[in-house]
Amino acid sequence: MENEAVIDDHEPGQTIVDQISDGGFVDGIEIRQIIEILRVQNEAGVNNELSRTDAATAAMMVRNGLFTRLVLLVSRVYAPTRKHDMHVARAFELLKDSAVKAEIEMRGPGGSLDEALEIWQKLKDDDRLPKIKHFRDKYTAHLGKPNPQIPLPEFQELFSFARETTVLLDQLARATGTRTEGLDTWDFQLQESAEAFWAPWSKKEDPPA
């Protein structure tokens with residue numbers, strides 16, 4: 001049938017979608033944790049404190065590693081797909097098959113597949129995505145001569161698009177029924193974890209006079 005996704009010979013398409021959506025939810029947790037770690041580092045006076053210590057260079061490497069990981073996690077969601085790929089774009093390819101979509105919808109899950117598909121299409125067409133993909137291709141996963149017509153993403157563009165991607169991952173996981181709690185329930189824990197990580201270098205309050 002035209003526009004129907006190709007399903008693996010020995011594994012139902014809905015099973016693959018379930019596996020991908022559950023893994024995507026885990027990626028969503030990691031993306032939000034990285035955002036929080038970088039946010040606290042920037043906002044809690046951590047960088048200034050670290051610059052006064054012998055740990056400054058190591059901290060810079062940690063920061064670079066976090067940015068690289070964030071770019072890779074976000075960009076692979078939207079990467080082209082092949083038959084045995086297990087990133088989120090393939091789940092949406094499989095959902096083009098009406099039987100796969102109907103099977104998942106029959107479960108009565110806590111989220112809407114149509115809403116997930118709407119978010120997916122919106123983010124795929126977002127102007128920020130080509131910048132992030134280009135940054136991945138030329139500066140992180142590969143090294144190459146950048147296209148001067150594609151600007152690098154600003155930090156806030158990366159963070160905002162990454163956060164919106166986690167909303168997509170959350171919606172997909174709840175729509176398939178593989179997760180019920182929602183990513184928002186993790187936010188406080190992730191914030192506390194980031195603050196605890198940087199606590200030794202957080203800006204100290206001035207002692208009382």
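1. Lysine 131 sits in helix α7, residues 128-140; helices here are DSSP runs of H or I with at least four residues, strands are runs of E with at least two, and both are numbered from the N terminus. Lysine 131 counts as buried because its relative accessibility is 18% (buried is under 20% relative accessible area, exposed over 50%, partly exposed in between, with a 1.4 Å probe and protein chains only).

2. This is a predicted model, in which local features need pLDDT of at least 70 and side-chain atom pairs count only at pLDDT 80 or more, while totals for chains, interfaces and linings use all residues. Residues are numbered from 1 along each chain as its sequence is written, and side-chain values use heavy atoms, with hydrogens and water left out.

3. The side chain of lysine 131 makes a polar contact of 2.9 Å with that of glutamate 157. Such a contact is a pair of N or O atoms within 3.5 Å; within protein, one must be able to donate a hydrogen and the other to accept it, and residues adjacent in sequence count only if both atoms are side-chain atoms. Apart from neighbours within four places in sequence, lysine 131 touches Ile150, Pro151, Leu152, Pro153 and Glu157 (contact: heavy atoms within 4.5 Å).

4. In helix α5, residues 98-105, the buried residues are Val100, Lys101 and Ile104. They line one face of the helix, because seen down the axis they fall within an arc of 95 degrees, taken from the directions from the helix axis to the C-beta atoms. Their packing partners are α1 (13-43), α4 (88-94), α6 (113-124) and α8 (155-176). The N-terminal end of α5 is capped by aspartate 97, with a side-chain oxygen 2.9 Å from the backbone nitrogen of alanine 99.

5. Serine 112 lies in the loop between α5 and α6 and is partly exposed, at a relative accessible area of 30%. Its side chain reaches the backbone nitrogen of glutamate 115 at 3.1 Å. Leaving aside neighbours within four places in sequence, serine 112 is in contact with Gln171 and Ala175.

6. As for the whole protein chain, the secondary structure is nine helices and zero strands. Of its 209 residues, 42% count as buried. The C-alpha trace spans about 75 × 40 × 30 Å along its principal axes. Among contacts between residues at least 6 apart in sequence, 77% join residues at least 24 apart.
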